[in-house]
Amino acid sequence: MLAIMQTNFNGIDGLVYRDIPQPKLTNHGVLIKVTTLPVVPTDWKRETNAHATSEQLTSLPRTIGIGAVGQVVAVGRDRDAALLHHRVLVMNPTGSYSAYLLSENPAFIFPLPDDVSDESAAALTAGPGTALALKEAIEQHSATNIIITGANSVIGLYLLQMLRPTTHHLYPVVSPSSQAYFHEQLPALTSYTPETLPQLDDPLIIDIAGSSALLDAITTHCGHASIVSIALMTYDSHTPFQFVHEKFDPAHYQTFIRQLATHDLIAPIDRIFPVTQTKEAQHYAHDSHSRGRVLVTFNH
Ligand SMILES: NC(=O)c1ccc[n+]([C@@H]2O[C@H](COP(=O)([O-])OP(=O)(O)OC[C@H]3O[C@@H](n4cnc5c(N)ncnc54)[C@H](OP(=O)(O)O)[C@@H]3O)[C@@H](O)[C@H]2O)c1
């Protein structure tokens with residue numbers, strides 16, 4: 001079966017398309033025929049840097065990806081037989097970019113209702129769970145003025161949906177080339193650049209963009225800010241700074257799936273590529289302004 005593998009740290013173009021054996025069903029396993037996968041910034045970060053994430057050091061070779069959507073085609077003796085033929089979202093931290101994957105952790109598999117598409121479900125990977133961590137950071141902080149960098153990002157759009165309604169004053173910061181897109185997505189919100197931000201007292205900066213230069217510009221403009229970032233692990237400044245990451249909780253994913261079904265959560269989706277163009281899909285996502293999650297599909 002086809003798998004997309006990382007064998008070196010030469011970046012996107014170092015990925016290889018390999019024919020590897022299909023995993024064998026185990027008593028504890030569920031075999032899933034993969035249909036749809038997300039392309040996320042962590043992909044190309046891990047493809048260039050073994051220390052790119054706070055997880056353990058990347059060991060190679062490895063199948064890329066951590067999440068997928070597919071259909072259950074076989075269920076092991078010790079698992080719930082009712083999963084057979086169900087469409088599911090699956091988290092598979094050991095790799096998801098393969099035609100079939102074996103999931104052995106019951107907490108990492110989420111059956112999908114008919115009214116949630118494969119594409120929307122795939123866009124839940126590395127998205128709303130991280131937005132929720134940022135929402136909690138905002139709620140735990142005393143600041144009422146919240147500046148959000150990279151507000152048009154996939155995670156930014158999830159976060160802004162989750163913050164409705166809010167008593168905080170929100171200041172989404174968006175690059176000039178992404179402002180029209182941002183207003184299409186969230187017409188009720190005003191967006192800012194560092195130059196158009198008003199002077200704010202003791203704001204909390206939620207950093208999704210991960211640009212030190214942008215943070216420098218905002219902190220110079222505002223003074224006395226605090227920063228919570230999901231995109232930078234350190235920031236060289238006297239400004240109070242904290243890196244946060246998603247704390248995976250299966251109950252959150254069940255909620256996100258219900259919210260997709262009721263349209264209380266909208267998954268931002270951009271282009272969809274065939275899996276045989278995974279490198280092109282990653283280049284496109286890396287080189288373009290964020291217009292929603294880029295996806296790849298297996299055409300079985
Ligand atoms: N800590 C965690 O647990 C965790 C989990 C998942 C993801 N992440 C990280 O969170 C970040 C956002 O992820 P995502 O999937 O939402 O990404 P995304 O949709 O690709 O969005 C990236 C955002 O960053 C902005 N940006 C990038 N470089 C910039 C620069 N130099 N100046 C200003 N803005 C810049 C982009 O603006 P334009 O669109 O205008 O270019 C866009 O708004 C990524 O760095 C990702 O690795 C962290």
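Modeller: An oxygen atom of the ligand is 2.7 Å from an N or O atom in the side chain of Lys45; a polar contact is a pair of N or O atoms within 3.5 Å. This is a predicted model, in which local features need pLDDT of at least 70 and side-chain atom pairs count only at pLDDT 80 or more, while totals for chains, interfaces and linings use all residues. Residues are numbered from 1 along each chain as its sequence is written, and side-chain values use heavy atoms, with hydrogens and water left out.

An N or O atom in the side chain of Ser178 lies 2.5 Å from an oxygen atom of the ligand. For His289, a polar side-chain atom is 2.7 Å from a ligand oxygen atom. Taken alone, the ligand exposes 940 Å², of which the protein buries 77%; these accessible areas come from the Shrake-Rupley method with a 1.4 Å probe.

To answer the request directly, Lys45, Ser175, Ser178, His289 and Ser290 come nearest of the 23 residues around the ligand, where a residue is near if one of its heavy atoms lies within 4 Å. The shell divides into 10 nonpolar, 10 polar and 3 charged residues; Asp, Glu, Lys and Arg count as charged, Ala, Val, Leu, Ile, Met, Phe, Trp, Tyr, Cys and Pro as nonpolar, and the others, Gly among them, as polar. Domain 1 (2-123 + 268-297) and domain 2 (128-243) both give residues to this shell, so the ligand lies between them; the domain bounds come from an automatic or database domain assignment.

Terms used: A polar contact is a pair of N or O atoms within 3.5 Å; within protein, one must be able to donate a hydrogen and the other to accept it, and residues adjacent in sequence count only if both atoms are side-chain atoms.
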